[in-house]
Amino acid sequence: MRLINVATCNLNQWAMDFDCNMKNIKESISKAKEVGAVIRLGPELEITGYGCEDHFLELDTVTHAWECLAELLLGDWTDGILCSFGMPVIKGSERYNCQILCLNRKIVMIRPKMWLANDGNYRELRWFTAWKQKDYLEDFLLPAEVSDALMQTTVPFGYGYVQFLDTAVAAEVCEELFSPMPPHAELTLNGVEVFMNASGSHHQLRKLDLRLRAFIGATHTRGGVYMYSNHQGCDGGRLCYDGCSCVVVNGDVVAQGSQFSLKDVELVVAQIDLDAVASLRGSISSFQEQASCKKKISSVPVPFKLCQSFNLQMSLSSPLKIRYHSPEEEIAFGPSCWLWDYLRRSGASGFLLPLSGGADSSSVAAIVGCMCQLVVQEIENNDEQVKADAIRIGHYTDGQFPTDSKEFAKRIFYTVFMGSENSSEATKARAKVLADEIGSWHLDVSIDGVVSALLSLFQTLTGKRPRYKVDGGSNIENLGLQNIQARIRMVLAFMLASLLPWVHSKSGFYLVLGSSNVDEGLRGYLTKYDCSSADINPIGSISKADLRTFLKWAAIHLGFSSLAEIEAAPPTAELEPIRANYSQLDEVDMGMTYEELSVYGRLHKIFRCGPVSMFKNLCYKWGAKLTPVEVAEKVKHFFKYYSINRHKMTVLTPSYHAESYSPEDNRFDLRQFLYNARWPYQFRKIDELARDLDGDKVAITKSTDQEKADGTTNGGMGVVSAGSGDPRAGF
């Protein structure tokens, strides 16, 4: 037997905070050594932090990374343990995203990333070059100060693997695993048994299964040990990395870390018999045949043994049942961890939330309540970092610290119901009950006086006073009156966030939380610079449908029972007067349902459909209940409001990224914000298609009626065959 003990980790790094990152790296190595691991894998670009973005273009960033690496190598951190560190490296004129493999105070090899992530939230080609020389390893001349300190002049650089006396180890960096021809495919044929994948993979709802299936697939038919390390938490931007570092052996997950955690460092350890890898490969005839005529990959020989022989002191890791969170749990825990990192690293003393009693703001309140519960839970688990942060943020003194989530919420969370004459007593009551359940410090404020003062000023300036539509006013007047209320709430929220701590003799400031969901952003169903214009928004990339299921779950599992009543209430902005024959409803105002918005969003972003393609797809999806002309009107209605409101995305509150059809224009959905909202060419094509399809439908119906009368019906096969050619027909 060749027994090997390996360790991978979740690290909560902070972009450009080298002290924080080094502290976490060193702690992970210490923990790996304590459990006897001989390989330690950290996440991608762990020394600098993954989210440095244009800081990668600064030479200082690369220089500081080398300084940190030298510090690790000059100490005893790499003694007796193979460590893989992620950092940027400049070779010649090019900058590469690299894994630095180190052992016994020396750099063994530098492995540059060959396939860069450059879609969705990723822009690696903006900062790095992909390594393209696959046929040989080059000599890399170390920077002079590093070379002098390490007494090492050159290092093998490029695509290859490390050949130890008893096994072979290789790096495969993040995106490379998901490329059409991943490096591990040919490396396995060259005898590599252990793969180290350093990653910077952000959380997205329902994404973990795709990731784990890739690890399992990499080793199921080829054999091997696949180690995966990831960042966790917020390292300075919209993304939240969700950890879940793991070890997979021959297609079985044998070790899995947490997906969401407040810990800065979490180690995942596995004990493996490498002979099991050799045995599986030897049993597969096709593997043997392909290995016999493999393409030779360069290697770096290292006269060092990683494995132990058979002994009873090391117990082998067994296959585990993979742990998945439900989408409701992901909504609770992912944004909670992101909010905690943002709170503790921003220097703020807490959050302020305009709480309307509706589904969206109540979801945000529940997430903050969940965050408080996680903080208290981690303190009970003796996490000293979480305890120290909580004491500082909550202004605890004399050895006190949070022991109750509601008491902690009272210290760090303000909620404000900013009601007007258009607000109902029901929403006011729901906001108060939820605030009490969470423990927030709650205010009930009327904004009518401020609205009236502004309208009086307007009347003085113009001689006119606008009226609501239900009182005989025009659409322009009606919209203007709604926007006044929404924008006053934004101004009031920021004033309270900055001054309430002073009122209560607290130092610091509070962050204003937004509560606009992804569907409202897509449709533009929000007022520019209203109370959705906050500091950060934990639900800005979560759909209304997912939030409603989250509210049902949270009512039970987080102990906020009032959320069940909030979820059952119809969504309304409550910006217009309530009358016996009229009550404002979101879906009526929008002219589309939230369910329809999710469909539009996925077709538009994920399936890259323009207006005409979306019309064709929805003819298949909705054809049983809507005519082509009705589908056409819905598609044109969506694109009209999408385009006239796209400008709002330029000032959208930075939001937690959770949904693959987020319309956030900073980096994820790069489309213009000035459109011809009439879409003349596209809408004309849709109208032509709709008329033709309606004509076909009439003709088919008449033919079928005639066949029925004649007794020769064919079961409507002509209609069925019309939709059989489109691969997205079942969407």
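Which residues line the largest cavity? In this predicted model, the lining consists of Asn 121, Arg 238, Ser 541, Ser 655, Tyr 656, His 657, Ser 662, Glu 664 and Phe 668.

## Cavities

The largest cavity holds about 50 Å³ of space. Its lining has two nonpolar, five polar and two charged residues. In total there are four cavities of 30 Å³ or more.

The second largest cavity holds about 40 Å³. Leu 526, Thr 527, Lys 528, Tyr 529, Ser 532 and Ser 533 are among the residues that line it. Lys 648, Val 651, Leu 652 and Thr 653 also belong to this lining.

Helix 20 gives the most, with three residues. The classes split into nine nonpolar, eight polar and eight charged.

## Nonpolar cores

In soluble globular proteins, nonpolar side chains tend to be buried together. Here, the largest nonpolar core has 59 residues. Those with the most contacts inside this core are Leu 339, Trp 340, Phe 351, Phe 550 and Leu 563. Helix 10 gives the most to the core, with twelve residues.

What does Phe 550 touch, leaving aside neighbours within four places in sequence? Its contacts are Glu 328, Ile 331, Ala 332, Ser 363, Ala 366, Ile 367 and Leu 558.

## Val 364 in helix 10

Val 364 lies in helix 10, which spans residues 359-380. Val 364 counts as buried because its relative accessibility is 0%, and the cut-off is under 20%. Beyond its neighbours within four places in sequence, Val 364 is in contact with Leu 353, Leu 513, Gly 514, Ser 515, Pro 538 and Ile 539.

Ala 332 is 32 residues from Val 364 in sequence. In space, the two C-alpha atoms are 9.4 Å apart.

## Two buried loop residues

Where is Ser 543 found? It sits in the loop between helix 16 (518-523) and helix 17 (544-557). Ser 543 has a relative accessible area of 2%, so it is buried. Not counting residues up to four places away in sequence, Ser 543 touches Val 518, Asp 519, Ser 598 and Tyr 661.

Gln 584 is in the loop between helix 18 (562-568) and helix 19 (586-590). Is Gln 584 buried or exposed? Gln 584 counts as buried, because its relative accessibility is 3%. Its side chain makes a polar contact of 2.8 Å with the side chain of Gln 482. The Gln 584 side chain also reaches the backbone nitrogen of Leu 575, at 2.9 Å. Setting aside neighbours within four places in sequence, Gln 584 is in contact with Gln 482, Tyr 525, Thr 572, Ala 573, Glu 574, Leu 575, Glu 576 and Asp 589.

Technical notes. Residues are numbered from 1 along each chain as its sequence is written. This is a predicted model: local features need pLDDT of at least 70, side-chain atom pairs count only at pLDDT 80 or more; totals for chains, interfaces and linings use all residues. Side-chain values use heavy atoms; hydrogens and water are left out. Helices (H or I, at least four residues) and strands (E, at least two) are DSSP runs, numbered from the N terminus. Buried means under 20% relative accessible area, exposed over 50%, partly exposed in between (1.4 Å probe, protein chains only). Contact means heavy atoms within 4.5 Å. On a 1 Å grid over the protein atoms alone, a cavity is a set of points where a 1.4 Å probe fits but cannot get out, and a pocket is an open set with protein on both sides within 12 Å along at least five of seven lines; lining residues have an atom within 4 Å of a point. Grid points are joined across faces, edges and corners, and a volume is the space filled by probe spheres set on the points. Ala, Val, Leu, Ile, Met, Phe, Trp, Tyr, Cys and Pro count as nonpolar, Asp, Glu, Lys and Arg as charged, and the others, Gly among them, as polar. A polar contact is a pair of N or O atoms within 3.5 Å; within protein, one must be able to donate a hydrogen and the other to accept it, and residues adjacent in sequence count only if both atoms are side-chain atoms. A nonpolar core is a set of buried Ala, Val, Leu, Ile, Met, Phe, Trp, Tyr and Cys residues joined through side-chain atoms within 4.5 Å.
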